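Please walk through this structure step by step, beginning with a pair of helices and then turning to the sheet.

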Amino acid sequence: MSINLKAKIKTGKSSQQFMEGMSKNKDTFHDWYSRFTWPEGEQDFFQSFQQRDDIHCLILAADWCGDVVRNVPVIFHAMDEAKIPTEILIMEDNLEVMDQFLTMGGRAIPIVLFIDTDGNVLGKWGPRPANVQAIMIAFKQENPDRNAPDYDEKIKDTRAKMLQEYGEDTGYQTIIIKELHEILAAL
């Protein structure tokens, strides 16, 4: 069964509205946004989408989420360069959409959805670059019981490992750009 989100087009916030309206993590978000640089050769690929008018991007996000703060600035740059219309759907206001795109049975953001002009979902990215997400996948497989006495301690350690994998610089942004490239190249 395919998912159609036509009813969500023009209901979200623009990139600028999202950035200006942030009440949490605004400075950190803007810092990651300002530190973005294009990996060699990728800017041309994203520019090649400027003539297309058949793709729209919806991003499920919230300003309290650390993965949103790190990853969405990269997505904003990519979509802006491609001139792909982009809207942010605040997760808490769009749970009916969020619940169609669960990650391992849970709500994880950001979720980037590429849809056609009829609202059909063509592609999805998120919530994290694959190398970072692999750490969470391994954790969930090894710790299925959220009520286990050591679960909270283990998830805290896992989140620290994920932060290490992200790194302190912008290298992870190159991974996101390459993953978005792969998705868009298939559309």
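Which residues in H6 meet which residues in H7? In this predicted model, Asn131, Val132, Ile135, Met136, Phe139 and Lys140 in H6 meet Tyr151, Lys154, Ile155, Thr158, Lys161, Met162, Glu165 and Tyr166 in H7. By class, this contact has 8 nonpolar, 2 polar and 4 charged residues. The axes of helix H6 (residues 130–142) and helix H7 (residues 151–166) come within 9 Å and cross at roughly 165 degrees, and because angles over 145 degrees count as roughly antiparallel, H6 is roughly antiparallel to H7. The crossing of the two helices is right-handed.

The sheet comes next. Four strands form an open sheet in the order E2-E1-E3-E4, and their pairing is mixed. Its edge strands are E2 (86–90) and E4, each of which pairs on one side only, while the twist from one strand to the next averages 25 degrees.

Strand E1 (residues 56–61) runs parallel to E2 and is joined to it by 5 bridges, with Ala61 having Ile90 in E2 as its bridge partner. Strand E3 (residues 111–115), by contrast, runs antiparallel to strand E4 (residues 121–125), and 4 bridges join them; here Phe114 stands opposite Gly123 in E4. The hairpin of E3 and E4 has 5 residues between the strands, and in this hairpin Gly119 takes a positive phi near 90 degrees.

Helices also pack against these strands. Helix H4 (residues 66–82) lies across E1, E2, E3 and E4 and runs at about 170 degrees to E1, whereas helix H8 (residues 171–185) packs on the sheet by touching E3 and E4, its direction making about 165 degrees with that of E4.

Methods: Residues are numbered from 1 along each chain as its sequence is written. This is a predicted model: local features need pLDDT of at least 70, side-chain atom pairs count only at pLDDT 80 or more; totals for chains, interfaces and linings use all residues. Side-chain values use heavy atoms; hydrogens and water are left out. Axes are lines fitted to C-alpha atoms, for helices over the stretch in contact, and angles run from 0 to 180 degrees between N-to-C directions. Angles under 35 degrees count as roughly parallel, over 145 as roughly antiparallel, 65 to 115 as roughly perpendicular and the rest as oblique. A crossing is left-handed if the near helix is turned anticlockwise from the far one by less than a right angle, and right-handed if clockwise. Contact means heavy atoms within 4.5 Å. Ala, Val, Leu, Ile, Met, Phe, Trp, Tyr, Cys and Pro count as nonpolar, Asp, Glu, Lys and Arg as charged, and the others, Gly among them, as polar. Two strands pair if DSSP finds at least two bridges between them.
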